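This report goes through one protein chain, from exposure of single residues to the fold as a whole. Please keep the sequence and the model in view while reading.

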Amino acid sequence: MDDTSQNMFTEGLSLYTQVLKFPLSYKVTQYNELNMKGMILNVTKTEFDFNIVSFNKTDEGAIIHIKLGSHRLLEYKGIFKEFIDFMSLFNIPFADIQLRLNSKGIPVEVLNQPEILTRWVNLREGELKTYLTDNSVKPIIEGADKDFSDSLQAIKDSLFYQFLLPPVYGECSHKPIHKVIVQSQLYQSEKFPVAIEENFISSTPQEVEIIQAGKFNIDWGKLETLYDKQYKVICNDAKFDYNVLYQAKYRYLTRYGVMRDCIAEFLEDTANKSIVSKQTFNIQFIKNN
């Protein structure tokens with residue numbers, strides 16, 4: 001690896017975006033699947049535009065302005081269409097986000113929090129008004145009230161932003177480069193601390209390719225107890241046998257330090273793969289204007 005490439009990764013790729021014209025435009029494809037005994041119970045594939053409107057370095061980290069386009073539904077199970085349309089409305093308040101990042105690329109402040117809350121209030125009293133008396137979605141509405149009135153933790157907990165912000169816009173001079181908390185999809189009550197480590201794969205004068213993988217800190221005894229309660233009977237008394245993968249591969253344009261593409265995945269399976277959860281993101285750089 002040449003000195004320029006090495007410098008990018010130890011000091012932060014985002015240092016090089018000062019020579020670019022904004023916005024930087026990406027297309028994101030998100031895929032979620034739940035599979036039980038070889039049968040797909042639920043699958044959702046969506047696509048949306050992701051734009052970095054501006055990025056400015058500060059002494060403590062950076063300020064980033066992000067705009068998200070509407071989600072386009074590419075694949076789904078027909079019986080879930082109404083619920084998917086309902087849940088997609090909750091993307092609206094986060095369509096425009098301005099964040100202050102620390103030196104590790106982790107959000108520490110939502111700079112336009114009042115605007116996010118206003119968009120949520122308008123949505124709540126508009127498209128969602130007919131749902132406010134529906135007890136079946138009451139927990140979702142109450143959770144959104146909390147997330148959109150104080151959005152920092154919701155953004156930090158977002159799997160998409162965990163794959164995007166610290167790895168791409170944080171400085172990484174030691175291992176682990178950062179730590180995140182990941183929500184299990186198979187065991188909804190559980191959140192796992194994950195230490196992220198990075199390895200270089202290859203380098204050319206045009207691009208650098210790296211991979212990041214997570215090391216999980218899991219209470220195995222507690223998780224197996226949950227398995228016995230939730231899944232053991234329907235898995236015909238199969239052994240617990242839980243596996244988890246948190247991994248992302250990134251390619252960067254060497255000249256600018258801009259991410260060219262990213263393929264990220266969070267996979268879980270249990271009972272000898274009798275039950276499998278998949279979450280993947282494919283992020284592709286389109287252009288800078």
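A residue is called buried under 20% relative accessible area, exposed over 50% and partly exposed in between, with a 1.4 Å probe and protein chains only. The model is predicted, and local features need pLDDT of at least 70, side-chain atom pairs count only at pLDDT 80 or more, while totals for chains, interfaces and linings use all residues. Residues are numbered from 1 along each chain as its sequence is written, and side-chain values use heavy atoms, with hydrogens and water left out.

**Single residues**

Helices (H or I, at least four residues) and strands (E, at least two) are DSSP runs, numbered from the N terminus. Thr44, in strand β2 (residues 39-57), is buried.

| Residue | Value |
|---|---|
| Thr44 | relative accessible area 15% |

Contact here means heavy atoms within 4.5 Å. Not counting residues up to four places away in sequence, Thr44 touches Gln30, Tyr31, Asn32, Leu73, Glu75 and Ile84.

**Paired strands**

Two strands count as paired if DSSP finds at least two bridges between them. Strand β10 (residues 243-253) pairs with strand β9 (residues 207-216) in the antiparallel sense over seven bridges, and Tyr250 in β10 is the bridge partner of Ile210. With strand β11 (residues 258-270), β10 also pairs in the antiparallel sense, over eleven bridges, and there Glu268 in β11 is the bridge partner of Val244. The hairpin of β10 and β11 has four residues between the strands, and in it Gly257 takes a positive phi near 75°.

A nonpolar core is a set of buried Ala, Val, Leu, Ile, Met, Phe, Trp, Tyr and Cys residues joined through side-chain atoms within 4.5 Å. The largest such core has 69 residues, and Phe50 and Tyr161 are those with the most contacts inside it. Helix α6 (residues 159-169) gives the most to this core, contributing eight residues. Leaving aside residues up to four places away in sequence, Phe50 touches a set of residues that includes Leu24, Ile66, Leu68, Phe160, Tyr161 and Leu164.

In helix α7 (residues 220-230), Leu223, Leu226 and Tyr227 are buried. Seen down the axis of α7, its buried residues fall within an arc of 105°, so they line one face of the helix; the arc is that of the directions from the helix axis to the C-beta atoms. The buried residues of α7 pack against β8 (191-203) and β11.

**The chain as a whole**

The secondary structure comes to seven helices and twelve strands. The radius of gyration, taken over C-alpha atoms, with a globule rule of 2.2 Å times the number of residues to the power 0.38, is 20 Å, close to the 19 Å that the rule gives for 289 residues, so the chain is as compact as a globular protein of that length. Its C-alpha trace spans about 55 × 45 × 30 Å along the principal axes. Of the 289 residues, 42% count as buried.
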